[in-house]
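The sequence and the structure are shown below.

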Amino acid sequence: MFDLQTQPTASVEATQTVSRSARDLTVTMIRATVQIDQSNGDGTRTVGAGFLLNAPRADGTPRTVLVTADHVLSRMPDSEARIGWRVELPDGGWRFDPQPLTIRDADSDPLWTKPDDRDIAVMEISAPAAFAHDAIPIAWLADREAFDAAEVGPGDDMRTLGFPRGLSANRAGFPILRVGRIASWPLTPISAFPTFLLDLAVFPGDSGGPVFWTPPRPSSDLSPAHPYVAGVLTQEVIVQDERLRIGVVVHADYIREAVALLDQKAAPAP
C-alpha cells in the first residue's frame, strides 16, 4: 500500500497545502487529456480518450505524442478523426474546438505505433501551443520498478479520465474524472503481469484514458513531486455478456516501449 506517513510537525495548514497541490496536479492531467472521435456516418460516433505526452526526440528536439488505446484508432476506419482541442477565452471560459486529426496515410496505413500484443498506441502530432505546453513529461510514466518503489498494492485508489458514452464534464469538452481501486494482485513484475484490474465501471469513450495516482507522500516543501501515470485504461471485463464493472489497465511502461518504437520508426536508414 502507499506510504501515508507525514512529517510529525505537519500542521492543518500544511495538510491543506498538500491537498491543494494534489488537486493542481490532477488538473494538470485533466488539461493533458483529450477526446478522440470519428463519425460513423449514421448520426453516431466512435469515441475514445487519449492524453498528450512531452516526449522529446533522441536529439532533444521537442515532440508532442498522443497516447491512447490501439483499438480506439483501429476501430476508426476513415483516415481522418477529430481531436478535441479546447480554447481558453478572455473572460475565463472555455470553448470546445475539435479539429481534424489524420490517423492514416494516403495508402491507409496507420500513422500510430504500438507494441506487439499490447493495446497501446502512440502517434506524433502537431498540437496547439497551449496543449503542447500542457503535455505531461515522459518522466511521469511509471517504469517497471515504480509500483514496488511506491509500495502500490491492492485497494489503493487510482484516478482515471475519460469520456464515458462520449460524455464530457461540460460543454468545453473536459474529461470526466473518476476513482477506482486496484482490484488485482500481484502487480509486478510487469513482464508476467502486463495488465492489472481496476474496480471501476468502464464505458465506450473511456478507452485510451490515463490511469494515474497523485503520490500522497509529502516532500520537504509539503507538496507531492508529481502524479504518476500508472497505465492506460483499455477495456472492461465482460463475462457471458455481463459487465462486471472491472476495468483492465495496461502498465505505463508499455507506453515507453511504444515511444521507443516510434523513435526507431523515425530513425533514418543506415
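Over how many bridges do β4 and strand β5 pair, and in the parallel or antiparallel sense? They pair in the antiparallel sense over nine bridges. Strands (E, at least two residues) and helices (H or I, at least four) are DSSP runs, numbered from the N terminus, and two strands pair if DSSP finds at least two bridges between them.

This is a predicted model, in which local features need pLDDT of at least 70, side-chain atom pairs count only at pLDDT 80 or more, and totals for chains, interfaces and linings use all residues. Residues are numbered from 1 along each chain as its sequence is written, and side-chain values use heavy atoms, with hydrogens and water left out.

**Strand pairing**

| Pair | Sense | Bridges |
|---|---|---|
| β1 (residues 33–39) and β4 (residues 80–88) | antiparallel | two bridges |
| β4 and β5 (residues 94–102) | antiparallel | nine bridges |

I36 has I83 in β4 as its bridge partner, while A81 stands opposite L101 in β5. The hairpin of β4 and β5 has five residues between the strands, and there G92 takes a positive phi near 95°.

**The largest pocket**

A pocket is an open set of points on a 1 Å grid over the protein atoms alone where a 1.4 Å probe fits, with protein on both sides within 12 Å along at least five of seven lines; lining residues have an atom within 4 Å of a point. The lining of the largest pocket comprises 16 residues, and H71, R75, P204, S207 and T234 lie nearest its centre. Two or more lining residues come from each of β2 (45–54), α2 (70–74) and β12 (228–239). The most, four residues, come from β12.
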